[in-house]
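Morning, everyone. Let's look at helix packing and then at aromatic rings. Here is the structure.

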Amino acid sequence: MEHIKRYHRNILKADGKSLVTEGPVPPETVERYPFHEGLVAFRPPERQQQAMIGIARLPEGRIIIARTEDTIVGYVSFLYPDPMERWSEGNMEDLLELGAIEVAPPYRKYGVAKAMLKTAFADPAMENYIVISTEYYWHWDLKGTGLSVWEYRKVMEKVMGSVGMEWFATDDPEITAHPANCLMARIGKNVPLESVEKFDRLRFINRHFY
């Protein structure tokens, strides 16, 4: 499958200043700007920056960033699912995982996450994919936001829903480990029925146990 990447860019206003949301960006762009010190949800900023550079180098990898003139303050990554996850078992060329989405705390009130997703899905090539997002409550910044698990999930559903991602049922053990966890997905307009059916089988690998 040819992974076509069409660059898009938008300007977001934040307290009178301009934030750029852009992508998919090449690894050189991710490397050019330091990560904001508040981007610590997954690992220290410097290490997360290196991880995002690696994803940007992948044929299917897509990195969308939000930045000031000199600093990356948010990012979204898309890539094939981890080989250790069930979502890779179908070897689907047209299934991407929204691997991470993070915004530095000082910028969360400006709708940056939604803006980055809007930029990501502005590329018509995204209609060729099933895009999934596995939401695990242990990745959420409950302490920093002061939100409860259910309040945070509602926020995540609203953000993901802004680009057409919907809740999908699954018997995946990691997702069913906690009632707040969920699988969200967006099925592109150009995805063939065969891929949709394969995705359905991945969602319920253990259906014969019920």
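A definition to begin with: a crossing is right-handed if the near helix is turned clockwise from the far one by less than a right angle, and left-handed if anticlockwise. Keep in mind that this is a predicted model.

Now the helices. α3 passes α5 in a right-handed crossing. Which residues make the contact? On the α3 side, Ala113, Lys114 and Leu117. On the α5 side, Lys158, Val159 and Met160. The axes of α3 and α5 lie 9 Å apart, at an angle of about 30°. Angles under 35 degrees count as roughly parallel, so α3 is roughly parallel to α5.

On to the rings. A pair of aromatic rings is described by the distance of the centres and the angle of the planes. How many aromatic pairs are there? The count is eight, with ring centres within 6.5 Å as the rule.

Take Phe78 and Phe121. Their ring centres are 5.9 Å apart and their planes stand at 85°. Over 60 counts as edge-to-face, so this pair is edge-to-face. Phe78 sits in strand β4, residues 72-79. Phe121 sits in the loop between α3 and β6. The pair therefore ties together parts that are 43 residues apart in sequence. Buried or exposed? Phe78 and Phe121 are both buried.

Next, a cluster. Ring pairs link Trp87, Phe168 and Phe199. Charges sit over two of these rings. The charged end of Arg86 is over the Trp87 ring, 5.8 Å from its centre. Arg203 lies over the face of Phe199, 5.6 Å from the ring centre.

That's it from me.

Methods. Residues numbered from 1 in each chain as written. Predicted model: local features only at pLDDT ≥ 70, side-chain atom pairs only at ≥ 80, totals over all residues. Heavy atoms only, no water. Phe/Tyr/Trp six-rings, centres within 6.5 Å; stacked < 30°, edge-to-face > 60°. Helix = DSSP H or I, 4+ residues; strand = E, 2+ residues; numbered from the N terminus. Buried < 20%, exposed > 50% of the residue type's maximum accessible area, 1.4 Å probe, protein only. Lys NZ or Arg CZ within 6 Å of the ring centre and 35° of its normal. Axes fitted to C-alpha atoms, helices over the stretch in contact; angles between N-to-C directions. Parallel < 35°, antiparallel > 145°, perpendicular 65-115°, else oblique. Contact = heavy atoms within 4.5 Å.
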